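Okay, thanks for making time, everyone. Have a look at the model on the screen, and I'll talk you through a few spots.

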Amino acid sequence: MDIEQFRKAGYQAIDRICDYYYNLQSKPVVSSVEPGYLRECLPAEPPQKGENFDDIADDYQKLIIPGLTHWQHPSFFAYFPTACTFEGMIADLYASSTANPGFNVSGNFMIEDAVFNPSLQWSASPACTELEAVMMDWAAQLLGLSPEFYNTSGMGGGAIQVRGYLASDVESNQTHQPQSTASDSALIAVVAARSLYQRKHPEAELQELVIYTTSQTHSLGLKAGMVLGLSVRVIDVTWNDHFSLRGDTLRSALEEDKVNGKKPFILLATVGTTSSGAIDNLPEIGAIAKEHPDLWVHIDSAWAGVALSCPEYREALHLEAINDYAHSFCTNFHKWGLTNFDASTLWVRDRKYLTEALDVTPPFLRTAHGDAGTVIDYRNWHLGLGRRFRALKLWFVLRSFGVQGFQDYIRRTIKLNALFASLVKSSDQLAIVTPPSLSLTVFHLNPKSVATHTESAARDSLNSLNKIFYGRISARNDILLTSTVLNGIFCIRFAVGSARTEESHIHAAYDLLCKEGQAAVDLWEQTTGEQAVQRL
Ligand SMILES: *Cc1c(COP(=O)(O)O)cnc(C)c1O
């Protein structure tokens, strides 16, 4: 493709993307293709001769789009929001147009270069590093993080995380683009915390070290343990505490482990769990953490964190505690933060904990320039060497929306979720399971006269009724919701976040859920031969 052909194909691509967005609402949310559909449509081998680009572009429309789940669809209420924006798309286009990988080559050449010139990452493309350093400070301010986390502090700082190639990836022969996710951020926090702990306690054996998570922590905790070969303790959090980790629970775990010779060195706390939006009790945890200075506290706020942009949510999300003592904080701008995948931001209170764990530069080769922090050498802040130019997305998004526009969007989605929650509360059929959290409501079908769900027989009946209900919702392609299990209760999650979702979509979703709820009750009565309400 030459430049003029690119111009033409590029215009066509943008036209087609616009059409996609114009037509999105009339598309099913969920694809109806069967597994393996694409292999049947594609030749088994790459073409010997290059093909006409028009054909390639047409095949994207014909073969790929029908196999997509449309996360930007206004009736997509599954998983978590992944609001993307045209600003973000354009930034991604520009970023890939200069193909600026920093360190993205493999081989000894790169490592030697890195060793002999610590500022090479910067000089590989000054704008990439500098924009990221500034954007992380903008984002920190947007969220109300303490200036201790700003890059300008010279002490703490933030980076968009990048995962490089791990030994396990190489073994499993996986090839992938370096990505930035909350899982990478947590992994890096664990690596930094482990390294810090080992420096303080050189006698500690690796097998004594323990990562603390809760029963509601995202699987990133278990994964970090697997990747690093470390034990993970899953602390049980309870229904009565709304699945929030309390100080006393943490203290008992720490005391128990101390007696057993275990060395808990990091707690992965969550502000806004994926399952129910639970928020660990950071003020209580802070009091315990101060008694245990060896415990690194990482805050995973992958989807909820961007709500800190609105001052009215800062108290509920424990911003003060985060600013007071958290060692590291992560949120994903690529979830609810209007920035296209991927942009997982990680801040640390002390950058040297990252660089001491990850810097491969021998001390005698460090330059005053690099060490003084005048040049940030991001390659020492994470696993990856090559880095995509993600900061450009944040720059375009934050400028185009402004702080107010960003806040308006967050508030609007929270309001839409409140509308859904109020409809559920007014319903005879549906019931809220845990308090709605920001843009997430966890509910289930629970006809009014049902006995409380503490009775296990009633709970089992309710669960089988809800599985029928969820099965019916999942069989539809005009809406998508996901399920979870809380305290043995099968529940359905309603996560609002698509930038195109409006009140009408919330009402339509609610009406549809009521209809399917009634159908599930009817079906349940037929199959069990009992009256749902009496039996329950
Ligand atoms: C979505 C989510 C994650 C995982 O995020 P990735 O960026 O995909 O790794 C982690 N923690 C929480 C609380 C989440 O909601």
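First, the ground rules. This is a predicted model, so local features need pLDDT of at least 70 and side-chain atom pairs count only at pLDDT 80 or more, while totals for chains, interfaces and linings use all residues. Residues are numbered from 1 along each chain as its sequence is written, and side-chain values use heavy atoms, with hydrogens and water left out.

So, the ligand. There are 15 residues around it, and Ala182, Ser183, Asp300, Asn332 and Lys335 come nearest; being around it takes a heavy atom within 4 Å. By class, that shell has 5 nonpolar, 8 polar and 2 charged residues. Here Ala, Val, Leu, Ile, Met, Phe, Trp, Tyr, Cys and Pro count as nonpolar, Asp, Glu, Lys and Arg as charged, and the others, Gly among them, as polar. Helices α9 (182–200) and α14 (333–336) each supply at least two of the shell residues. By helix I mean a DSSP run of H or I with at least four residues, and by strand an E run of at least two, numbered from the N terminus.

Which side chains put a polar atom by a ligand oxygen? Asn332 has an N or O atom 2.8 Å from one, Thr274 has a polar atom at 3.0 Å, and Lys335 has one at 3.1 Å. The cut-off for a polar contact is N or O atoms within 3.5 Å. The protein covers 91% of the 390 Å² of accessible area that the ligand has on its own, by Shrake-Rupley with a 1.4 Å probe.

Now the largest pocket. It is lined by 36 residues, and Ala13, Ile17, Tyr21, Tyr60 and Met89 lie nearest its centre. A pocket here is an open set of points on a 1 Å grid over the protein atoms alone, where a 1.4 Å probe fits, with protein on both sides within 12 Å along at least five of seven lines; lining residues have an atom within 4 Å of a point. The lining has 22 nonpolar, 11 polar and 3 charged residues. Its largest share, 12 residues, comes from α1.

Last, the local details. The peptide bond from Phe341 to Asp342 is cis, with omega near 10°, and Asp342 sits in the loop between α14 and β7. Then there's Phe243, not a glycine, yet with a positive phi of about 65°. You'll find Phe243 in the loop between β3 (231–235) and α11 (247–259).

Terms used
A polar contact is a pair of N or O atoms within 3.5 Å; within protein, one must be able to donate a hydrogen and the other to accept it, and residues adjacent in sequence count only if both atoms are side-chain atoms.
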